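I opened this entry to keep a record of what I looked up. The notes follow the order in which I checked things.

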Amino acid sequence: MLNGLKNYTDSIMQRDPAAKSRLEVILCYPGLHAVFLHRIAHTLHQNGLRLLARLVSQFNRFVTGIEIHPGAKIGKRFFIDHGMGVVIGETTEIGDDVTMYQNVTLGGTSMEKKKRHPTIGNNVVIGGGAKILGNVLIGDGAKIGAGSVVVKDVPEGAAVVGVPARSIQPERPRAIIDLEHGDLPDPIAQVTRGLLERIEHLERRIQELEETIETSQGRKAEQKVLPVHRRKT
């Protein structure tokens, strides 16, 4: 157990440069507290003590601001950074070495009592405010951009951003977690820039055509006026 706690705190320190010591992580990190309390609630849930499990879950929510249903399955070294406002639904499955930020929702889209929440692979990074909804699969090493709304499967090693989330060029899964969310491209912004460039091109083309028409009309007017002057002379 002590070795497991040591490995867990070390993994958190690798992902959070603000962490200065294992003791600080153990005492001051609500993400660690939330996972620890969830382990208790999940064990109770698995043994049929559903009401007691929910009470532990509610206590967890009260002290950490993180709501994890006792039925959710969570792998090793799951790190919730900051964590306030995180919601993880009943049939959610989370793999190993997943990193999640504040205000993330792993929610359901069905009222049926079946698998209705996301399945998150290993080494996934989920940015702040992201919403992953329904029985979707997030592949190993995927990256979910902050504020994204994911309603479809995400391929292994891919990155998605936007509302609804759109996949960027897939990349190979990384062993080291990349936290540079600002480096994620914005496909909507890219399309918008492309449209603006196209509009500018069309406006220049229209201006050129208008100038050509004006020049042509001016020449025709000169040709009509010239014979009149000749008759007067």
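I took two strands as paired if DSSP finds at least two bridges between them. Helices (H or I, at least four residues) and strands (E, at least two) are DSSP runs, numbered from the N terminus.

Ground rules. The model is predicted, so I kept in mind that local features need pLDDT of at least 70, that side-chain atom pairs count only at pLDDT 80 or more, and that totals for chains, interfaces and linings use all residues. Residues are numbered from 1 along each chain as its sequence is written, and side-chain values use heavy atoms, with hydrogens and water left out.

Confidence. I read pLDDT as the predictor's confidence in each residue, from 0 to 100. The protein chain averages 85, and 85% of its residues score at least 70. Where is confidence lowest in the protein chain, and where highest? Helix H5 (residues 187-232) has the lowest mean, 75, while E4 has the highest, 96.

Whole chain. I noted five helices and 15 strands in the protein chain. Of its 233 residues, 37% are buried (under 20% relative accessible area; exposed is over 50%, partly exposed in between; 1.4 Å probe, protein chains only). The chain exposes about 14300 Å², of which carbon and sulfur atoms supply 57%; accessible areas come from the Shrake-Rupley method with a 1.4 Å probe, and for residues only the protein chains shown count as cover.

Five-stranded sheet. I found an open sheet with the strand order E1-E4-E7-E10-E13 and parallel pairing. Its edge strands, E1 (67-68) and E13 (149-150), each pair on one side only. E1 runs parallel to strand E4 (residues 87-88), joined by two bridges. Ile68 has Ile88 in E4 as its bridge partner.

Two bridges link E2 and strand E5 (residues 93-94) in the parallel sense, and Ile74 stands opposite Ile94 in E5.

Helix H1. The 14 residues of H1 (residues 2-15) reach 20 Å from first C-alpha to last, close to the 20 Å expected at 1.5 Å a residue; the expected span is 1.5 Å times one less than the number of residues. Which residues of H1 are buried? They are Tyr8, Thr9, Ser11, Ile12 and Arg15. These cover an arc of only 155° around the axis, so they lie on the same side of H1; the arc is that of the directions from the helix axis to the C-beta atoms. Leu2, Asn3 and Gln14 are exposed on the other side. The buried residues of H1 pack against helix H2 (22-28), helix H3 (30-46), strand E3 (79-80) and strand E6 (99-100), with contact taken as heavy atoms within 4.5 Å.

Helix H3. H3 has 17 residues and reaches 24 Å, close to the expected 24 Å. Its buried residues include Gly31, Leu37, His38 and His45. Among the elements covering them are H1, helix H4 (50-64), E1 and E2. After H3 comes Gly48, with a positive phi near 85°.

His38. Why does His38 count as buried? Its relative accessibility is 2%. Leaving aside neighbours within four places in sequence, I found His38 in contact with Asn60, Ile68, His69, Pro70, Ala72 and Ile74.
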